[in-house]
Amino acid sequence: MKLPKKLQDKYESLNEKDRKKLLRNYEESLVAPGEAVGVVAGQSIGEPGTQMILRTHKFAGVTEIIISKGLPRLIEIFDARKTPSTPSMTIYLKKDVSSDEKKVRETATKILELKVKDVLEKLIVDLLNKTVKIYLDKTSLKKFMINTKKVSEMLKKSMKKEEITYEGNVINIKSKDANIKNLYKLRVKVKDVYTQGIPKIEQILPVKKGNEWIIKTFGSNLKEILKIPEVDTTRTFTNDLFEILNILGVEAARNAVINESLMTLKEQGLSVDVRHLMLVADIMTADGTLRGVNRYGVTKGKKSVLARASFEVALKHLFNAAVHREIDELKSIVENVMINQPAPVGTGMLKLVVKHDKK
Amino acid sequence: MSDLFFNGVFIGTVKNSLRFIKKIKKERREGNLSYLMNLMYDEKHDNVIITTEKGRARRPLIIVENGKPKLTKEYIKKLKNGEITWNNLVKEGVIEYLDASEEENSKIVINEDELTEEHTHLEISSLIILGNQASMVPYAEHNTATRDIYGSKLLKQGLGIYASNYLIRSDTDSNILHYVQKPLVDTIMWKLMNYDIHPIGCNVIIAIMTWDGYNIEDAIVINKSSIERGMYRSTYFRPYKSEELRYAGGIKDLICIPEKEVKGYRMEKVYVHLEDDGIINPEANIMIGDVLVGKTSPPRFLASLEEFRVGVEARRETSTTVKLQGNGVVDSVMISESSEGNKIIKTKVREQRIPEIGDKFSSRYGQKGVIGMIVPHESMPFTASGITPDIIFSPFSIPPRMTFAQVIECLAGKVAALRGTPINGTPFNNENETDLRKELLKLGFKDNGSETMYDGRTGKEYKARIMTGNMFYMKLRMMVSSKMQSRARGPLALLTRQPTEGKAKEGGLRLGEMEKDCLISHGATLFLKERFDSDKSVMPVCKRCGTIAIFNKFKNKGLCPICGEKSEITLIEMSYAFKLLLDELKSLCIYPKLHIKPKS
């Protein structure tokens with residue numbers, strides 16, 4: 001018997017008696033041929049799922065970042081939604097940074113997406129001079145480590161038509177085709193101009209975990225975060241599965257599915273064996289992309305017509321099968337239950353043939 | 001200057017709206033204007049709105065003027081003597097009806113002692129917060145609202161004497177409780193709704209304790225001797241109707257004792273109770289399957305009658321049979337005529353129902369439970385004075401549901417039984433707990449209603465003192481004898497050839513989707529197949545075209561209507577439901593071709 005590498009090393013370090021014991025235990029804990037692993041996984045996740053409270057969609061905490069939890073989150077993961085309802089990141093920092101609170105907070109402010117409205121004191125539309133005057137708040141400028149010059153530069157970048165000057169903490173934007181309507185439009189537009197930080201990171205929260213500091217964010221942008229030198233790229237993760245898939249690849253996406261679903265279940269105080277989740281994650285990522293466990297994903301990929309038809313929108317599958325002249329091999333379980341034949345699982349998996357002695 | 005609207009239509013303006021409203025109200029109270037009219041002042045829009053439209057919910061309130069209610073003691077005295085009625089009060093401007101809009105401008109007080117100069121109306125009773133049903137729950141203000149709702153819902157299910165002429169009525173499924181009692185602790189509503197004349201339960205002695213786990217999970221333990229004395233015994237009535245129908249061509253049903261030649265003749269013994277006219281004798285003891293009214297009908301298809309057979313043997317047996325769980329008695333037989341002039345026979349069957357394990361009982365606070373054990377009197381716990389409880393109720397049912405009224409009723413019931421007068425437990429206006437405790441102490445008991453009790457089986461004293469008292473308990477409509485069902489073989493549905501569904505049709509229990517998954521995950525494939533074998537059928541399949549063919553049993557040969565003589569038929573075992581699926585696919589213009597291969 002071939003042991004996994006980890007076990008093989010252990011096996012070699014044991015004496016004869018223990019080796020036999022290990023082998024026997026290993027053999028016993030293997031899944032038997034014909035075991036309905038898929039159904040067991042489904043039931044093992046489904047049963048605790050009934051105990052989850054639907055109401056825990058979003059928890060509003062005082063300082064915690066609001067993240068969708070519980071059953072809605074689990075459904076989100078297994079359905080492989082393109083964007084999570086509450087994108088969030090957990091950013092780990094390199095060892096020389098992570099223990100120093102000051103440095104961590106500095107990095108955090110660097111990460112946070114800053115818009116003009118965040119450093120704004122007041123915004124005045126001067127109709128006489130046809131300008132929009134932006135008064136910047138000095139304390140928040142200091143807090144976010146940015147100056148008027150930088151802000152005005154960013155404004156110039158996004159508004160190439162307008163004439164932008166600054167003086168002290170006041171920025172003047174003179175509109176060229178200045179009628180009142182345009183000025184008011186400009187006033188609204190100015191507020192959402194990006195100034196510094198990483199786009200999409202809307203909130204940050206440095207949290208102490210053990211003896212190191214980590215940064216939790218609301219909003220996710222893995223690609224840009226990984227470029228920051230202080231960030232520990234090996235441990236940082238996001239809850240946006242597709243972001244992981246696109247940046248880090250399928251294997252990472254598979255692990256993300258496992259970790260996210262396990263975390264969601266653990267948060268609710270439910271324990272599900274990882275191997276069930278691993279199986280689900282394997283199936284979801286088997287073809288190199290991320291497919292949801294629903295009729296657009298995993299079920300669509302089933303070979304048997306009858307199996308597909310037995311799960312949601314039956315007619316569509318039947319008509320398509322007729323058009324393409326599909327042949328159902330009747331090799332899976334659902335079809336065989338339908339036609340009342342022994343299904344190839346468990347005891348119906350193997351066929352024993354007795355060899356008669358020629359005597 | 002405010003706008004004036006009448007029934008939603010602008011009709012003019014008012015200079016001083018408040019004075020105008022005051023005047024109109026005065027006129028209405030004096031009876032010069034209709035009492036059906038309501039008016040309000042909308043401050044936000046400066047509108048005066050008068051409505052006399054139909055469909056407004058209105059409620060009566062006592063008018064308050066200068067901090068004094070207009071309903072004085074003289075009026076109450078006159079009301080009691082019968083000199084005046086409610087209508088007089090309305091006419092004289094003591095009580096007026098308000099709708100939702102006029103309520104907006106009013107200040108209504110619930111209790112008279114909270115009355116101030118500002119108030120305009122006084123609530124007739126604080127009970128008005130609750131509806132008819134909810135105000136029948138005593139001490140409801142001590143409970144959480146959910147339990148009061150559950151409790152008032154259960155009141156509808158309690159057995160009692162629902163109508164005193166029940167013997168001549170023929171309601172479907174009616175129950176009569178034998179020894180009904182007026183509750184010791186009630187509310188005003190019980191009297192007002194005539195529930196003290198036909199109550200819905202009886203007063204029992206309960207002990208709040210555990211009993212060897214037999215009252216776990218809301219179950220109750222009940223005293224066997226109490227049952228034998230007739231406690232919660234009820235009778236179940238069920239009428240059966242049979243009609244002598246007339247058919248086209250002058251043929252009609254015949255009520256008689258069917259002859260043995262009749263098609264579908266049952267066993268001889270089911271007809272024994274029938275008289276010569278084919279109708280059962282009242283007071284006959286009957287069992288399930290017995291015939292109440294013997295009847296024969298002409299054959300379903302008349303053509304077959306004329307061509308082949310004539311006479312009795314062609315007729316069908318269509319007698320009315322009884323559906324009972326235990327033994328029943330024919331209560332009454334009524335012979336009449338329908339509006340079409342057909343002879344109608346209504347037989348009412350009665351069945352005595354003695355409380356058994358599984359019957360549902362409830363107090364009035366949503367504390368419902370089933371009998372978990374029937375314990376002999378001598379094994380039940382008893383108090384020092386020799387009182388044995390009728391029902392043992394589990395203490396674990398109280399804290400999570402917070403039904404304090406359950407405990408208070410237990411206390412109040414005890415006081416009521418000891419002092420000999422009933423207690424008024426009307427919500428918000430009742431004998432309160434402190435008074436009850438004092439009274440109980442005066443009567444020589446512990447003020448919390450607990451007593452030292454002894455185990456009936458060992459005679460040993462229980463270490464804890466146990467709360468006992470009197471409570472009003474109801475037997476609810478749900479009884480095991482009308483729910484119990486089992487099936488080994490039985491009728492099949494015509495279309496699917498699968499077992500029928502539901503108790504009335506002697507149906508099977510469905511092995512559903514999730515149950516199927518369980519069998520799969522156990523790997524019990526062959527058992528799974530056998531479990532779904534109920535519609536197993538062998539179908540002739542044409543190998544050439546792959547469709548279901550025909551099998552001629554006489555010639556012992558198959559024939560495919562598509563391929564004709566060339567057809568090659570094999571017999572394939574499949575579920576009938578799958579054959580139906582194939583047919584349905586064909587109706588969708590999909591050709592489901594079966595490829596037949598030998599078993600590998």
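How far apart do the C-alpha centres of domain 1 of chain A and domain 4 of chain A lie? They lie 41 Å apart.

## Model and numbering

This is a predicted model, in which local features need pLDDT of at least 70, side-chain atom pairs count only at pLDDT 80 or more, and totals for chains, interfaces and linings use all residues. Residues are numbered from 1 along each chain as its sequence is written, while chains are lettered from A and ligands numbered from 1 in the order in which they are written.

## Domains of chain A

Chain A is divided into four parts: domain 1 (1-30), domain 2 (40-86 + 239-301), domain 3 (114-196) and domain 4 (311-348). The bounds come from an automatic or database domain assignment.

## Helix α12 of chain A and its partners

Helices here are DSSP runs of H or I with at least four residues, and strands are runs of E with at least two, numbered from the N terminus. Helix α12(A) spans residues 250-267 and helix α13(A) spans 274-285. Their axes come within 9 Å and cross at roughly 140 degrees. That makes α12(A) oblique to α13(A). Axes are lines fitted to C-alpha atoms, for helices over the stretch in contact, with angles from 0 to 180 degrees between N-to-C directions. Angles under 35 degrees count as roughly parallel, over 145 as roughly antiparallel, 65 to 115 as roughly perpendicular, and the rest as oblique. The crossing is right-handed. Here, right-handed has the near helix turned clockwise from the far one by less than a right angle, and left-handed anticlockwise. On the α12(A) side, the contact residues include A:V250, A:V257 and A:L262; among those they meet in α13(A) are A:V274, A:L277 and A:M278. By class, this contact has ten nonpolar, two polar and two charged residues. Contact means C-beta atoms, placed from the backbone, within 7 Å. Ala, Val, Leu, Ile, Met, Phe, Trp, Tyr, Cys and Pro count as nonpolar, Asp, Glu, Lys and Arg as charged, and the others, Gly among them, as polar.

Helix α4(A), residues 70-78, also meets α12(A): the axes come within 9 Å and cross at roughly 165 degrees. That makes α4(A) roughly antiparallel to α12(A). This crossing is left-handed. A:G70, A:R73, A:L74 and A:I77 of α4(A) touch A:V257, A:E260, A:S261 and A:T264 of α12(A). The classes are three nonpolar, three polar and two charged.

## Strands of chain B

An open sheet of five strands runs in the order β10-β14-β22-β21-β16 (chain B), with antiparallel pairing. Its edge strands are β10 (174-177) and β16 (285-286), each pairing on one side only. Strands pair if DSSP finds at least two bridges between them. Within the sheet, β21 (328-337) and β22 (343-353) of chain B share eight bridges. B:S336 has B:I344 in β22(B) as its bridge partner.

Strand β24(B), residues 368-375, pairs in the parallel sense with β13(B), residues 220-223, over four bridges. B:I222 stands opposite B:I374. Three bridges also join β24(B) to antiparallel β23(B), residues 360-362. There, B:F361 partners B:G369. β23(B) and β24(B) form a hairpin with five residues between them, and B:G366 in the turn has a positive phi of about 70 degrees.

## Where the chains meet

20 residues of chain B are in contact with 20 residues of chain A. On the chain B side, α11 (513-522), α12 (525-531), β34 (569-575) and α13 (576-587) each supply at least two residues. The largest share, five residues, comes from α11(B). That side divides into ten nonpolar, five polar and five charged residues.

Conventions: Contact = placed C-beta atoms within 7 Å.
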